[in-house]
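Open the model in your viewer and keep the selection tool at hand. Each stop below names a selection and says what to look for.

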Amino acid sequence: MNNCINPNLPSGDVEGGWQKTIKNLTNIPSESKNKFQIIIVGCGLSGSSAAATLAEEGFKIKLITYHDSPRRAHSVSAQGGINAARSPEEERNKVVIDQLFKDTVIGGDFRAREASCQRLSEISSSIINQCVSQGVPFAREYDGTLATRRFGGAVVSRTFYARGQTGQQLLYGAYQALLRQVKLGNIELITKRDVLDLVIVNNVARGVITRNLVNGNLETHKANCVVLATGGYSNVYYLSTNSLKSNATAIWRAHKRGANFANPSFTQIHPTCIPPAGSYQSKLTLMSESLRNDGRIWLPKKINSQDDPENIPEHERDYFLERQYPKYGNLVPRDVASRRAKEICEKGFGIGFGGKGVYLDLKDSINKNGLKVIKAKYGNLLEMYERIVGEDPTKVPMKIYPAPHYTMGGLWVDYNLMSNIGGLFVLGEANYSVHGANRLGANALLQCLCDGYFISPKTITSWLANNKEIDNKKVDEACKEALNSVDKKIKVLLKIKGDKPVDYFHRTLGEIMISKCGISRNRKDLEFALEEVEKLNKNFKSNLKIPETNSGLNVELEKALRLEDFIELSKLMIKDAIEREESCGAHFREEYQTEEGEAKRNDDFFSHIAVWEFNSDNNSHIRYSEELNFKKIGLNTRNYK
Amino acid sequence: MKDFISIKFKVWRQDSYESRGSYEEFILERVSVNISLLEALDQLNEKLIIQNIRPITFDHDCREGICGSCGFLINGQPHGPKKATTTCQLYMRNFKDNALIILEPWRAQSFPIIQDLSVDRNALDKLIIAGGYFPTETGKAPDANLIPISPEKAFSSFETATCIGCGACVAGCKNASSSLFVAAKLAHLGQLPQGINGKKDRSRKMRKQMNIEGFGQCSNNLECEAVCPKEISADWISWMNKI
Ligand SMILES: Cc1cc2nc3c(=O)[nH]c(=O)nc-3n(C[C@H](O)[C@H](O)[C@H](O)COP(=O)(O)OP(=O)(O)OC[C@H]3O[C@@H](n4cnc5c(N)ncnc54)[C@H](O)[C@@H]3O)c2cc1C
Ligand code: SF4
Ligand code: FES
């Protein structure tokens, strides 16, 4: 273990650790807070909530995003809900907090810090209070209290929701709090800007370089500290459930300037998405997992079957999950369901475009419960499916296939959400914190809001209180250097003048990554993938075509800049997947499985967070590790057979 | 139905706000009926890029009908012919082989054109900035179950809160009024017990801002309701007028 990796965990018991930490944090008198400028990049749940809160406390905030309005951030598309541990009876509070804590740690397959998971669970209840006070219209019970539902395989009902649009409603709550601070003059909204580099002086973050997406100008923004809340990087796979513009550029640029990257290969693949329908497919739409409660998953027993599913008789159908997992059937965990679907499709049994699809059949449930019940339960979803696929899912079995959905990996942060670069805080999906090797359903929204409303405002304040000095001359020099380096990067891309559009290369990258560093992985394929990405990189750098434009607005250039970073990141993801010689959570290495084909974790060698440092001298990476200790909960393995 | 069709696009092209625009025509062949209109535009753009022609600019992001980024006039209709459907959720199977599809940006004084089909909808944010929120601050919230809210109330508030800020209601209105957008926000907040007190104040501030941003007056044509992809009812405009 490398001793420069210090997670700054609270000492003593896991429980109450956060309260103890808060006591030791330094505050700043309210009237002096407006002397500090904070840059926040990203207006999703984590960025918006942090910006609103820090502005309410009196700091001066610049919020930067590529969207035209903060309301458009990717968080808006989260559907299912947000977890919170709260009980009407006070004495039961500890029990429900422990339960959420335990499920988070076990869900992450013991690859996250206990102390952070405990804090998440302890804070969760106040998040719900906060959101309700902003006007988030959560679903209610008949007595007027908040309703909850079971989500993502949880045994307890603790997921709060606003129909299938929870992310949207939570985001609008934060967005409104944010715009209130814009009105009060505490936040400057800087929209339609891509952050393309960071300004770092003596290992402290002091600003960012942006490109104005309308006129193409490069700009520098200086600050006392920088917060990255820029979301996940599932779009490395080209096709994913993420919004099309979600990207890794800000965190990757930070990484190349010295911020360490943690567990880059940990990605979650969601089993129930609508499969691609053709070669111009641009994204994959998530269908709520709850459908697995009423849908039976099957494939024809005949290889390469082209028959209409309605005409395939019962005895020619293979309900493969029910066959392989008699106890859990169609409700096995996300990663198991995804892996089994991939395996059987690769053997040639898959259906639909490219043979990448399985049926999810609601027929038996409709026969048993009636069409009305099923429609009431899934109304919106079924309509959405019909709009996209053009088939009525109550008559024809739905087609589904796994798709990249969420990245647990991200920039390494300590318990205070600060990276190894001073004053560079990282929030939400962009950091590596509580989700370990696999995220529990409905925990992402919770983490974003914990980070933004309750954790980072305190830890950022304390850091600022202790780091007041700025060397302005050095900052100006660093700004100039960073601006020039971005300018150079852009000129190189524009000069290539090849003959293939950006998307051509992005699609190819996606194919390599999903087939070799996706649902399941093995050393041979991963090593081959590394070579393929290398080839793709060369091809991209010599054959890219960005058409000429008369104005600064250049969407192809925006995409090329993002893809360049995705290509570099994909190589680190592959390396990380090679080095982690175990199967854990969503990371399944085919070499490490039990005889029954279940994941085999290796706690002796891999009970740690892999921390990758970029070495700019020779353009290489060094792998360090942060050991994980489990004090409150014993290491154990799951069993779904 | 054929699996692949041919489409004739007639698209508004304009380099910038200052420059003059005009229509340009493109024929696109082998369009799968199973892709979305935006994906067909991606396909067309790839062709243009290879010919060193500037691709068509349009806004989009989530491509699943929730972020509110997408939107332009499709054969004269905001978000196109399908009810309760955003532009990104419109699929090519809704068009016939050899169909002519005319694409134009939202046309409204408050939405200046940025390029081609992309317009600046910042004015909608300005309406919210004027007063579309509660004055609560982080960490000061009471227990969420302190004030019970009936499921019907919560749901009715939720329905108005689903407005995605796409601006179709403005684009569809001959007066370019933003009344539906504002009414939706006022109804979302004003129906909740937390929001009863500030109801009048919010309404006054947001409606004043509508004038400042140059949105027109509502003359009850109900076009807004017809084009709203989230089916927000124009009854909320009357509700707003009674505040
Ligand atoms: C379809 C779907 C459904 C989901 N459902 C659930 C659910 O039910 N429950 C749950 O808990 N989680 C869910 N998730 C996960 C959850 O939505 C995300 O993890 C979470 O919203 C991420 O929020 P964020 O604040 O980290 O970032 P995001 O919301 O992704 O925001 C990132 C922001 O950063 C900005 N940005 C990024 N890079 C740059 C740059 N270089 N320059 C300028 N700005 C930049 C963007 O403008 C954007 O605003 C779902 C995810 C998907 C895809
Ligand atoms: S009211 Fe409807 S049409 Fe108007 S902005 Fe909202 S969602 Fe769009
Ligand atoms: S692209 Fe998000 S609503 Fe259409």
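## Stop 1: helix α14 of chain A

Select Leu526(A), Ala529(A), Val533(A), Leu536(A), Asn537(A) and Phe540(A): these residues of α14(A) are buried. Their arc around the axis is only 110°, so they sit on the same side of α14(A). Keep in mind that this is a predicted model.

Finish at the N-terminal end of α14(A), which Asn522(A) caps. Draw the distance from its side-chain oxygen to the backbone nitrogen of Lys524(A): 3.2 Å.

## Stop 2: the loop between α12 and α13

Select Lys497(A), in the loop between α12 and α13 of chain A. Its phi is positive, about 50°, although Lys497(A) is not a glycine. Most residues other than glycine have a negative phi. Is Lys497(A) buried or exposed? Lys497(A) is exposed, with a relative accessible area of 57%.

## Stop 3: the segment before α1

Go to Asn8(A), in the segment before α1 (17-24) of chain A. Here is another non-glycine residue with a positive phi, near 55°. Asn8(A) is partly exposed, at a relative accessible area of 36%.

## Stop 4: Gln118 in helix α4

Select Gln118(A), in α4 (residues 114-134) of chain A. Its relative accessible area is 3%, so Gln118(A) counts as buried. Which residues does Gln118(A) touch, leaving aside those up to four places away in sequence? Show Val14(A), Glu15(A), Ile97(A), Phe101(A) and Lys632(A).

## Stop 5: the two domains of chain B

Switch to chain B and colour domain 1 (4-104) and domain 2 (121-241) separately. The C-alpha centres of domain 1 and domain 2 of chain B lie 30 Å apart. The contact takes 13 residues from domain 1 of chain B and twelve residues from domain 2 of chain B.

How much area do the two domains of chain B bury between them? The figure is about 870 Å², with 54% of it on carbon and sulfur atoms.

Conventions
Residues are numbered from 1 along each chain as its sequence is written. Chains are lettered from A and ligands numbered from 1 in the order in which they are written. This is a predicted model: local features need pLDDT of at least 70, side-chain atom pairs count only at pLDDT 80 or more; totals for chains, interfaces and linings use all residues. Side-chain values use heavy atoms; hydrogens and water are left out. Buried means under 20% relative accessible area, exposed over 50%, partly exposed in between (1.4 Å probe, protein chains only). Helices (H or I, at least four residues) and strands (E, at least two) are DSSP runs, numbered from the N terminus. The arc is that of the directions from the helix axis to the C-beta atoms. A polar contact is a pair of N or O atoms within 3.5 Å; within protein, one must be able to donate a hydrogen and the other to accept it, and residues adjacent in sequence count only if both atoms are side-chain atoms. Domain bounds come from an automatic or database domain assignment. Contact means heavy atoms within 4.5 Å. Buried area is the accessible area (1.4 Å probe) that two parts lose on being put together, summed over both.
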